[in-house]
Amino acid sequence: MNEKLPFLRDKANRLPLEPGVYLMKNSDGKIIYVGKAKALKNRVTSYFRSNSQHTAKTLKLVDNIRDFDFIVTASELDALVLECSLIKLHQPKYNILLKDAKGYNYIKVTRGEFPRISYALNTDDKNADYIGPFTSGFTVKQAVEEANAIFMLPSCRKKFPKDFGKERPCLNHHIKRCMGVCEGKISSEEYKKIIDEAIEYLKNGSKASVEELTAQMEQAAEDLEFEKAARLRDRIAAVTRLTSQQKILDYKKEYDIIGAAQNVGMASVAVIKYRGGRLVDKENFFIGEEYEDAAMRRDFILNYYSENGDIPREIYVDEEFEDMELLEQLLREQSGRAVRFVIPQRGEGLSQALLAKKNAGEYLALRVGRTAKEISALEDLKTLLGLERVPNIIESYDISNFGETGMVGGMIVYRNGRPFKAGYRKFGIKTVAGQNDYACMQEVLRRRFTRYLEGDESFSPLPDLILLDGGRGHISAVAEVMNELKIDVPLFGLVKDSKHRTRAIAKEGGEIEIKSNRALFSLLTNIQDEVHRYSITFQRAKHKQKTYSLELTEVNGIGEAKARALLKEFKTKQKMKEATVEQLRKAAKISEEKARELYEFIQERF
């Protein structure tokens, strides 16, 4: 708990309702976060409200704030520009910082009679020439593969002319991906000329290469060099084929596609870049701790394009984010031309946005040790239920009973798509007589939220989503309790079919089918099965304990309270049977004589 919160709330409440920038500081006076606000007072006070539903990252930030400064600006756009500048200057811990640790990449061209073209991370080889540097390894690798394929250059480990004729040509030669230099039929001069053409292609692109190769082919045909003309024709076809295979939006020539993924309290962003109608680069960024969705996209885009002068005319994003119009205006001023954000709703644009999101999910899965399916299931759940953020913490509840007695409630917790067993809780029903699932569910949730409101850390934080084992009746019953206690958490039910399999999600007013989404269906089925298993296991254990308790009360001087104390101490019949007279005496707080009588009873009956 931040002991400075009263001071910070008071200071924030005295801020103006003007646009500006705020700078959060830690105990050393170091700036740990820079933010922009349309109205400083409204934005800054939101950090210090009690029971705010902040992300884990924001909670950590608030816990470390000891003071803040602010700068009032003339407009919100000025505040945005200043925010960007201050983030670069101070590199605050809790802002998105896109540190480039990729280094540089080069296209390597070896020297000698038969040069090779390959990808390199440095320029250490003295017997090679280099094209570059480039910041994107993806672009360099793709370009090298493409040039070697188009110009049918060897990619094997053979050394020429040393290995001429030693082996038969490999498969690449037979499928026309290599010209077959190993046969020794191509002179060094002719080979070097092809290498020069490949280098020209790498430097100037496919369009210029096709024009040059077409001119050469026509000249060769005029000179009656038909074999040469045929090779050039095949090369032109290869360039055209590879270029056409690039996955593009037919009517767009220059654009970026940005997709984000969050899970396990972490986030990542993927940027896929198209220039000249073709895919030229893909970059992945690991953002680190969980961000609020809209804020994450906004902060990433602000940071990414402020460091990157290559701003396309259109930027496709997978979801709406904060300050879209303001960022468009900033990027227009920065690039000197029109820039707009697009949220595609259908067709090829939508599939491209989903591709970027999938890339971000796969990258995040590798970094955090979760599967991409687990990450996408939670994101799909967010979309399906219309939640404000990915439900990283999910609580699920079920009621189990044995006739009209032994009623219990079970609470399980899933964190980041997996069971979090340290958060599981058991509830013995205390106030409900008879079989009444709705009343039992109300009691369990009331006790859970009351413990939270009383400050019990074992019931904190509140979940992002609550799933009840039941339908609309259960939802209505629990919603009454939540409204009464002013608890604002999304609430839904899990509905089973006649074979006790998860069928749909219940909500107030209807149901949502889930079977069409395999990953999401699997997640919700696992949650419902787990909460049922946990509840019924507790109910059976409690029923056994009650049976044991009744047996123990047959001993003179052992009432229900002493029986419960014995069961609490020894847990099972076997452990009670192994206990000594002295251990039984201490647990039940009885005389040695009664303890010996109890011991004999246990040895005989258990």
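Q: Which term describes how H16 and H18 lie relative to each other?
A: This is a predicted model, in which local features need pLDDT of at least 70, side-chain atom pairs count only at pLDDT 80 or more, and totals for chains, interfaces and linings use all residues. Residues are numbered from 1 along each chain as its sequence is written, and side-chain values use heavy atoms, without hydrogens and water. The axes (lines fitted to C-alpha atoms over the stretch in contact, with angles from 0 to 180 degrees between N-to-C directions) of helix H16 (residues 560-570) and helix H18 (residues 581-588) come within 8 Å and cross at roughly 120°. With under 35 degrees counted as roughly parallel, over 145 as roughly antiparallel, 65 to 115 as roughly perpendicular and the rest as oblique, H16 and H18 are therefore oblique.

Q: Which residues of H18 meet H16?
A: From H16, the residues taking part in the contact (heavy atoms within 4.5 Å) are Lys562, Ala565, Leu566, Glu569 and Phe570. Their partners in H18 are Gln583, Leu584, Ala587 and Ala588.

Q: On how wide an arc around the axis do the buried residues of H18 lie?
A: Val581, Leu584, Ala587 and Ala588 are the buried residues of H18; buried means under 20% relative accessible area, exposed over 50% and partly exposed in between, with a 1.4 Å probe and protein chains only. They lie on the same side of H18, because the arc (of directions from the helix axis to the C-beta atoms) is only 130°.

Q: Is threonine 58 buried or exposed?
A: Threonine 58 belongs to helix H3 (residues 56-64). Apart from neighbours within four places in sequence, threonine 58 is in contact with Tyr47 and Glu292. Because its relative accessibility is 15%, threonine 58 counts as buried.

Terms used:
Helix = DSSP H or I, 4+ residues; strand = E, 2+ residues; numbered from the N terminus.
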